[in-house]
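This briefing goes through one protein model, topic by topic. Please keep the sequence and the 3D view at hand while reading.

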Amino acid sequence: MKISVVGLGKLGSPIVAVLAAKGYDVVGIDTNPVFVEKINNHIAPVEEPQLQELLTEHKARISASTDWAKAITETDMTTVIVPTPSGVDGAFRNDYVLSVMDEIGRALAKKAGYHLVVVHSTTMPGSVGGPVRQRLERASGRKVGPDLGLCYNPEFIALGDVINGLLHPDFILIGESDKKAGDILEGLYRKVVGPHANIARMNFVNAELTKISVNTYVTMKISFANTLGEICDRLEGADVSVVADAIGRDTRIGKKYLKPAVGYGGPCFPRDTIAFGRVAHLVGGIADLALSTDKVNRRQVSRLTEIVGEMIPAGSTAAVLGLSYKPNTPVIEESQGIMLAKSLKDVGFSVVAHDPMASGPARTVLGDAARLCPTARETLAHADIAVIVTPWLEYAEIAPDWIANGRTRFIIDCWRQLTPASFADRCKIVHLGHQETIAAAAKRLAAE
Ligand SMILES: NC(=O)c1ccc[n+]([C@@H]2O[C@H](COP(=O)([O-])OP(=O)(O)OC[C@H]3O[C@@H](n4cnc5c(N)ncnc54)[C@H](O)[C@@H]3O)[C@@H](O)[C@H]2O)c1
């Protein structure tokens, strides 16, 4: 089976690489000629662990094109992973997917024989079985059915872990037009992921609702953990890590994502949660849990800003360590680190910041709000207080001798990567959701 992949961005180019690595001939298509050229030259268009290695190793099976007709007619299946940006109402917009359906349809009008179209982009319930299908049928002059298959197969993968996520997914979600289309996609996954791949098959609307429900359930767990953290910031003797660890032992709950720290960010969790609320609204309901989850998440930056303000006077210099929304990616969409840097600046702090991969995009959005330093060590040297927002592994290596000049008095270690005892009196390590360390740090400021 030959496969064309439309959209060579953060998910599309890793999909190309993984399919080629599993023996498929793959043609990438993108409206961005730079990405097409890069794929043709076997250069990763986006930064993602293992992507460059796979593109180099399997280059014989990979090409890219802007010639839709050729790419589609010469392949048996076309997968679509283009943006579905959120509108002001929180619903995903289908514009890009629909224009892709026009292109695919026009090419399919000239192709004989069966073709399978798979939509990976996240869509609102009702989209794939509604406007997406209509546009494909109208442009191709063919009906979805025995000789034209349509599937919805959304991705749950996190940036920085895309290749691993594609090869080892928790489960695979397939919405299908009919059994034949679903069987072909299931067969592909059994080859790519393995015979024991955990696959859930259903109609389009159930799959569309499942996609945003999974992410909303996960964000609900994160916001629950952070609510516990807020309580433990102030409840005498309380430590959220002890409580969360115990709760997670209950098999009805589980430990995954029950990790109290900072809020969630990135291109999926925030907008999928909001879209879930929007779906409820559109059918005359109210998704209170999703709305509250989002509300709790939005106040995490103010929570951190207030805690910093309780420890050190405004006018001091605060360091933000970590600006990408998670480790191993340069993506800063809905990043807590970026929001914290802006918020600290707004309340009167001078801000220095660092990120191992995201300093380029961060500089563009932060402008004068923060001074970016090339290393974490240099950042700390300028800071009276530091907040580790993104749990990059290199921040776990921060050592007491990095703050030898005695300037940095507190490090708020949101992900508990450091060992407080080893820093002794050089610098106080403060844990979010640990009343004792927060109160002790605040007491110091009050005594001065
Ligand atoms: N990034 C994630 O973590 C993630 C995770 C799960 C799901 N998703 C979903 O995947 C979809 C794509 O996300 P992404 O992060 O890969 O986006 P992206 O912006 O990184 O990449 C999209 C690519 O599509 C190309 N494109 C846009 N319009 C096109 C067109 N008409 N024809 C051909 N190419 C076109 C762009 O040039 C770009 O290269 C979205 O629906 C998103 O919600 C993303």
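Two strands count as paired if DSSP finds at least two bridges between them. With that in mind, Leu116 has Gly149 in E6 as its bridge partner. The model is a predicted one. Its description below covers an open sheet of eight strands, an open sheet of six strands and the residues around a ligand.

**The eight-stranded sheet**

- The strands follow the order E3-E2-E1-E4-E5-E6-E7-E8, and their pairing is mixed.
- Strand E3 (62–65) and strand E8 (199–202) are at the edges; each has a single partner strand, so one side of each has no neighbour in the sheet.
- From one strand to the next, the twist averages 25°.
- Strand E5 (residues 115–119) runs parallel to strand E6 (residues 148–152), and five bridges join the two.
- One of the residue pairs linking them is Leu116 with Gly149 of E6.
- Helix H6 (residues 128–140) lies across E5 and E6, and its direction is at about 150° to E6.

**How strands pair in general**

- Strands in a sheet pair through backbone hydrogen bonds, in either a parallel or an antiparallel way.

**The six-stranded sheet**

- This open sheet has the order E11-E10-E9-E12-E13-E14, with parallel pairing.
- Its edges are strand E11 (371–372) and strand E14 (428–430); each has a single partner strand, so one side of each is left without a neighbour in the sheet.
- Strand E9 (residues 317–321) pairs with strand E12 (residues 385–388) in the parallel sense, over four bridges.
- Val320 has Val387 as its bridge partner in E12.
- Helix H18 (residues 435–447) packs on the sheet and touches strand E13 (410–413) and E14, making an angle of about 130° with the direction of E14.

**The ligand and its surroundings**

- The ligand is surrounded by 26 residues, of which the closest are Lys10, Leu11, Asp30, Thr84 and Arg271.
- The shell around the ligand divides into 14 nonpolar, eight polar and four charged residues.
- Helix H5 (residues 95–108) gives the most to this shell, with three residues.
- Arg271 has a polar side-chain atom 2.7 Å from an oxygen atom of the ligand.
- For Thr122, a backbone N or O atom lies 3.1 Å from an oxygen atom of the ligand.
- For Thr31, a polar backbone atom is 3.4 Å from a nitrogen atom of the ligand.
- On its own the ligand has 830 Å² of accessible area, and the protein covers 88% of this.

Definitions and conventions: Residues numbered from 1 in each chain as written. Predicted model: local features only at pLDDT ≥ 70, side-chain atom pairs only at ≥ 80, totals over all residues. Heavy atoms only, no water. Axes fitted to C-alpha atoms, helices over the stretch in contact; angles between N-to-C directions. Contact = heavy atoms within 4.5 Å. Near = heavy atom within 4 Å. Polar contact = N/O pair within 3.5 Å; in protein donor to acceptor, adjacent residues only side chain to side chain. Areas by Shrake-Rupley, 256 points an atom, 1.4 Å probe, with all protein chains shown as cover. Nonpolar A, V, L, I, M, F, W, Y, C, P; charged D, E, K, R; others polar.
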